[in-house]
Amino acid sequence: MLVLRFAMAAAVTFLLSTAAWADDLTIGAIGSMSGVAAAFDRAVVEGIQAYVKVWNEKGGFKGRRVTLELLDDESNSSTAVTVYRKLVEDKSVNVIIAASP
């Protein structure tokens with residue numbers, strides 16, 4: 001849970017300093033939701049999803065709805081690079097976090 005809080009705090013710090021504001025705040029996350037590491041990442045992924053849900057229930061971030069774009073790296077380093085690049089190139093993603101412990 002400490003890792004999740006640190007990741008979210010880092011995301012908020014970044015967002016406070018960014019000039020690009022869209023309607024929604026989109027957090028891109030990469031985690032192993034399948035493959036050999038899925039059992040280890042499951043709790044982190046569920047924690048991020050729960051945090052985003054609560055955040056939105058409390059009015060979002062500075063009034064903006066928070067959305068989560070969660071991509072599966074399939075417990076594979078090559079796939080992780082591919083999905084990371086996809087998030088970097090997606091202009092609607094405001095910040096990227098790793099969902100791995």
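Student: Where do I start, and what is the mean pLDDT of the protein chain?

Tutor: Start with confidence. The mean pLDDT of the chain is 83. Of its residues, 76% reach 70 or more.

Student: Which elements have the lowest and the highest mean pLDDT?

Tutor: Where pLDDT is low, the predicted coordinates should not be read in detail. Here, helix α1 (residues 2–17) has the lowest mean among the elements, at 54. Strand β2 (residues 66–72) has the highest, at 95.

Student: Let me take strand β2, then. Is Thr67 buried or exposed?

Tutor: Compare the relative accessible area with the cut-off: buried means under 20%. Thr67 lies in strand β2. Its relative accessible area is 17%, so Thr67 is buried.

Student: Which residues does Thr67 contact, beyond its neighbours within four places in sequence?

Tutor: Asp24, Leu25, Thr26 and Ile27. Thr26 also has a side-chain link to Thr67: a polar contact of 2.9 Å joins the two.

Student: Where does Val93 sit, and what does Val93 touch?

Tutor: Val93 is in the loop between α3 (77–89) and β3 (95–98). With residues up to four places away left out, Val93 touches Thr26, Gly28, Glu69 and Leu87.

Student: A loop residue, then. Why does Val93 count as buried?

Tutor: Val93 counts as buried because its relative accessible area is 12%, and the cut-off is under 20%.

Student: Which residues are in contact with Asp72, apart from neighbours within four places?

Tutor: Gly31, Ser32, Met33, Ser34, Thr79 and Val83. Met33 is 39 residues away from Asp72 along the chain, yet their C-alpha atoms are separated by 5.4 Å.

Student: What do the polar atoms of the Asp72 side chain reach?

Tutor: Look for side-chain partners, then backbone partners. A polar contact of 2.5 Å joins the side chains of Asp72 and Ser34. The Asp72 side chain also reaches the backbone nitrogen of Glu74, at 2.7 Å.

Student: Where are Glu74 and Ser75, and how exposed are they?

Tutor: Glu74 is in the loop between β2 and α3. Ser75 is found in the loop between β2 and α3 too. Glu74 is partly exposed, with a relative accessible area of 46%. Ser75 counts as partly exposed at 25%.

Student: Last, a helix. How many residues has α2, and how far does α2 reach?

Tutor: Helix α2 (residues 38–57) has 20 residues. From first C-alpha to last, α2 reaches 28 Å, close to the 28 Å expected at 1.5 Å a residue.

Student: Which residues of α2 are buried?

Tutor: An α-helix has 3.6 residues a turn, so residues three or four places apart point the same way. In α2, the buried residues include Ala38, Asp41, Val45, Ile48, Val52 and Trp55.

Student: What follows α2?

Tutor: Gly59, whose phi is positive, near 105°.

Technical notes
Residues are numbered from 1 along each chain as its sequence is written. This is a predicted model: local features need pLDDT of at least 70, side-chain atom pairs count only at pLDDT 80 or more; totals for chains, interfaces and linings use all residues. Side-chain values use heavy atoms; hydrogens and water are left out. pLDDT is the predictor's confidence in each residue, from 0 to 100. Helices (H or I, at least four residues) and strands (E, at least two) are DSSP runs, numbered from the N terminus. Buried means under 20% relative accessible area, exposed over 50%, partly exposed in between (1.4 Å probe, protein chains only). Contact means heavy atoms within 4.5 Å. A polar contact is a pair of N or O atoms within 3.5 Å; within protein, one must be able to donate a hydrogen and the other to accept it, and residues adjacent in sequence count only if both atoms are side-chain atoms. The expected span of a helix is 1.5 Å times one less than its number of residues.
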